[in-house]
Every structure is written in C-alpha cells, then in structure tokens.
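Could you walk me through this model in the viewer, one selection at a time? I would like to know what to pick next and what is there.

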Amino acid sequence: MASALRAEHPRLDVRLELVDDDPAHALTQMSHGAVLLVVGSRGLGAFRGMLLGSVSNEVVRSAPGTVLVVHDVTG
C-alpha cells in the first residue's frame with residue numbers, strides 16, 4: 001500500500017513506523033509537524049454507528065493539526 005502511494009504520488013511523504021504506545025497518544029505525538037493526519041474509524045465499539053471510535057475521537061481532540069477520519073465502508 002505504501003509503495004503504491006509513493007509511486008502514484010511521488011511528492012507525498014508516506015511513513016510507516018511501528019510504535020509501542022497507546023494508539024491515540026502515538027498518532028497524536030507522531031503528527032507534530034504534519035499537514036494532515038489521516039486515521040480510520042472501524043466502528044467496532046458498543047454502538048456500531050458511532051460517528052467516531054475511541055481512538056479517532058481522542059486523536060481529533062488532541063492532535064495539534066488537521067485530522068481526517070475515514071470510515072470503513074466495506075463492513
């Protein structure tokens with residue numbers, strides 16, 4: 001996926017990093033200096049139709065910049 005994005009959009013900075021941390025905290029910390037942070041929301045919580053999941057909700061509230069939440073449309 002990352003290599004396809006890089007090939008299709010050579011000016012796009014695509015990074016893959018493995019981080020041992022709480023997901024919301026890690027994403028928020030890694031987003032410093034980013035123009036846009038994109039996160040997914042699968043809706044696997046108690047209320048499947050929720051607007052945001054727990055991680056995406058925390059990231060939207062805590063991230064220093066713009067956040068785009070993408071919902072799973074396959075499920």
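In this predicted model, start with the lining of the largest pocket, whose residues divide into 16 nonpolar, 3 polar and 4 charged. Select D13, R15, L36, L37 and V38: of the 23 lining residues, these lie nearest the pocket's centre. The space you are looking into comes to about 1100 Å³. Now colour by element: α1 (2-8), α2 and β1 each give two or more residues to this lining, and α2 gives the most, with 4 residues.

Stay with α2 for the next stop. Show helix α2 (residues 23-30) together with helix α3 (residues 54-62); their axes come within 9 Å and cross at roughly 35 degrees. The crossing is right-handed. To see the contact itself, display the side chains of P23, A24, L27 and T28 in α2, which meet V55, E58, V59 and S62 in α3. By class, this contact has 5 nonpolar, 2 polar and 1 charged residues.

How many cavities of 30 Å³ or more does a search of the whole structure find? The search finds 1, and about 40 Å³ of space lies in the largest cavity. Select S31, A34, V35, L36, L37, A63, G65, T66 and V67 to show its lining. Here β1 (36-41) and β2 (66-71) are the elements that give two or more residues. The cavity lining has 6 nonpolar and 3 polar residues, with no charged ones. Keep L36 and L37 highlighted as you finish: they line this cavity and are also among the residues nearest the centre of the largest pocket.

Definitions and conventions:
Residues are numbered from 1 along each chain as its sequence is written. This is a predicted model: local features need pLDDT of at least 70, side-chain atom pairs count only at pLDDT 80 or more; totals for chains, interfaces and linings use all residues. Side-chain values use heavy atoms; hydrogens and water are left out. On a 1 Å grid over the protein atoms alone, a cavity is a set of points where a 1.4 Å probe fits but cannot get out, and a pocket is an open set with protein on both sides within 12 Å along at least five of seven lines; lining residues have an atom within 4 Å of a point. Grid points are joined across faces, edges and corners, and a volume is the space filled by probe spheres set on the points. Ala, Val, Leu, Ile, Met, Phe, Trp, Tyr, Cys and Pro count as nonpolar, Asp, Glu, Lys and Arg as charged, and the others, Gly among them, as polar. Axes are lines fitted to C-alpha atoms, for helices over the stretch in contact, and angles run from 0 to 180 degrees between N-to-C directions. A crossing is left-handed if the near helix is turned anticlockwise from the far one by less than a right angle, and right-handed if clockwise. Contact means heavy atoms within 4.5 Å.
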